[in-house]
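Thank you all for making time this morning.

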Amino acid sequence: MINSKWSRRDFLKIASVHGAGLAGANALPTYAARADRKSTSNRVVTENVKTVLEDGSELNTPFRRIESGRDGPALLLTASLHGNEVIGAEVAMRLQDVCVRELRAGSVWLVPMANLLAVRSRRHSFGLGPEQSNRMHPTKVHNMQRFPGDPNGNNTQRAAFALDQTVIRHCSHLVDIHCYQRMNAAETLGVNGHERSRPMADATTTRFIRYVLPAATPEKNMLINQIVLKHGGCAVGMELSGQFEISERQVQIGLSSMVNIAKRLGMLPGEPERIEGPRVTMTKEKSHVAQAPDSGIFVPGVAKDKIRNLAAEDYVEKGQSLGHIIREKDLERVPILAPATGYLAVFGLCHWGQCDASLPAQHPYAEAGEAVATVVTT
Ligand SMILES: [Zn+2]
């Protein structure tokens with residue numbers, strides 16, 4: 001996550017991508033599937049961000065650049081800035097395939113494993129223990145979102161500094177891809193009050209979108225989007241759905257968003273392709289929470305096609321079954337109904353704010369009053 005206060009999310013996204021019933025409201029632009037459009041083969045360069053670590057050894061973080069050979073924007077995709085948020089790594093590789101064939105202006109810079117130390121440790125940040133999320137980090141000094149970093153700081157701060165020196169400051173546009181916990185629907189996080197960045201957020205293909213990233217550029221401890229703004233560029237953040245995993249549907253959301261942004265910037269041919277249906281902004285007024293009516297085991301409801309469970313991002317109608325509780329005290333099945341018509345911003349249980357990092361946090365035992373879903377009206 002870009003900021004831990006936007007957390008929440010569950011499990012069961014299973015197959016947003018299988019299931020024919022899904023087309024319609026959840027259908028995505030299919031640009032990437034149309035492979036053989038043309039054409040030239042653009043140059044791909046692989047280089048390393050070199051970081052001298054505290055012990056004097058060198059950390060090489062690989063990145064790629066696709067060059068059209070023509071003037072234009074330098075579009076940067078960073079993924080895995082938090083080491084357990086890895087879907088964007090595959091988005092980067094798919095975008096590379098598109099750009100090798102079709103990039104016609106500027107350059108595309110791809111950093112699939114931006115925080116390599118955290119990726120290697122298989123955690124949000126370096127220094128976390130098993131089943132710990134970022135909020136449990138004792139100091140958060142290994143959260144890489146503290147730019148411009150420090151060449152004499154800890155290893156994460158050194159890597160952040162080197163990333164800026166070698167990559168970030170050479171780019172005009174940034175898409176920083178993170179991942180929410182799996183019970184939260186993917187969401188675009190636009191920069192609030194930075195008009196030049198707005199078209200990037202508008203072009204993405206997530207159902208949910210909010211303009212909440214700060215435009216201010218303090219001297220230190222900046223998010224990556226802030227340092228890009230400080231360098232004079234434009235930025236957008238994306239939160240795909242699911243940490244510690246890579247699902248095809250989420251990769252497709254990321255890829256179609258990147259392709260749309262590149263089209264909007266004139267780097268790829270064609271016009272951005274919009275998702276079907278409205279984009280949705282989660283606000284307090286539009287959010288309707290469904291709670292467990294009693295303590296017991298929560299059994300998730302099924303989607304309309306009846307072949308998969310409901311999942312975050314699905315469209316539900318008021319009164320539709322969201323599942324039921326197997327009540328602890330008498331084994332009655334107590335239904336849970338959708339409190340409103342809209343899109344599921346959250347579906348499933350997340351105890352203690354600790355999913356996806358902790359397996360018990362995903363356990364389906366709910367206490368009475370615990371939130372099991374949030375429906376956002378359009
Ligand atoms: Zn993150």
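I will begin with the chain as a whole, then take the strands, a pair of helices, and a few individual residues.

Please keep in mind that this is a predicted model, in which local features need pLDDT of at least 70 and side-chain atom pairs count only at pLDDT 80 or more, while totals for chains, interfaces and linings use all residues. Residues are numbered from 1 along each chain as its sequence is written.

The secondary structure of the protein chain comes to 6 helices and 16 strands, where helices (H or I, at least four residues) and strands (E, at least two) are DSSP runs, numbered from the N terminus. Of the 378 residues in the protein chain, 51% count as buried; a residue is called buried if 20 or more other C-beta atoms lie within 10 Å of its own, exposed if 12 or fewer, and partly exposed in between, with C-beta atoms placed from the backbone. Contacts can also be sorted by sequence separation, and among those in the protein chain between residues at least 6 apart in sequence, 72% join residues at least 24 apart; two residues are in contact if their C-beta atoms, placed from the backbone, lie within 7 Å.

Let me turn to the strands. Strands of a sheet pair through backbone hydrogen bonds, either parallel or antiparallel, and here two strands pair if DSSP finds at least two bridges between them. Strand S1, residues 43-52, and strand S2, residues 58-67, pair in the antiparallel sense over 10 bridges, and the bridge partner of Val45 in S2 is Arg65. S1 and S2 form a hairpin with 5 residues between them, and in its turn Gly56 has a positive phi of about 90°. S2 is also joined by 4 bridges to strand S4, residues 107-111, with the two running antiparallel, and Arg64 stands opposite Leu110 in S4.

S11 is joined by 2 bridges to S14, residues 342-347, in an antiparallel arrangement, and Tyr315 stands opposite Tyr343 in S14.

An open sheet of 4 strands also has the order S13-S12-S10-S15, again with antiparallel pairing, and the edge strands there are S13 (333-337) and S15, each pairing on one side only. Within that sheet, S10 (residues 296-300) and S12 (residues 321-327) pair over 5 bridges, with Phe298 opposite Ile325 in S12 and Pro300 having Gly323 as its bridge partner. S10 and S15, residues 365-366, pair over 2 bridges, and Gly296 stands opposite Ala366 in S15.

Now to the helices. Helix H1 (residues 87-102) and helix H6 (residues 248-264) pack at an angle of about 50°, with their axes 9 Å apart; axes are lines fitted to C-alpha atoms, for helices over the stretch in contact, and angles run from 0 to 180 degrees between N-to-C directions. That makes H1 oblique to H6, because angles under 35 degrees count as roughly parallel, over 145 as roughly antiparallel, 65 to 115 as roughly perpendicular and the rest as oblique.

Is Arg207 buried or exposed? Arg207 lies in the loop between helix H4 (198-202) and strand S7 (208-213), and it is buried, with 26 other C-beta atoms within 10 Å. Leaving aside neighbours within four places in sequence, Arg207 is in contact with Ala185, Ile275, Arg279, Val280, Glu313 and Tyr343.

I will finish with some backbone details. The peptide bond from Phe147 to Pro148 is cis, with omega near 10°, and Pro148 is in the loop between helix H2 (116-121) and helix H3 (155-166). In the loop between H2 and H3 we also find Glu131, which has a positive phi of about 55° although it is not a glycine. The peptide bond from Cys355 to Asp356 is cis as well, with omega near 5°. Trp352, in the loop between S14 and S15, has a positive phi of about 60° although it is not a glycine, and Trp352 is exposed, with 11 other C-beta atoms within 10 Å.
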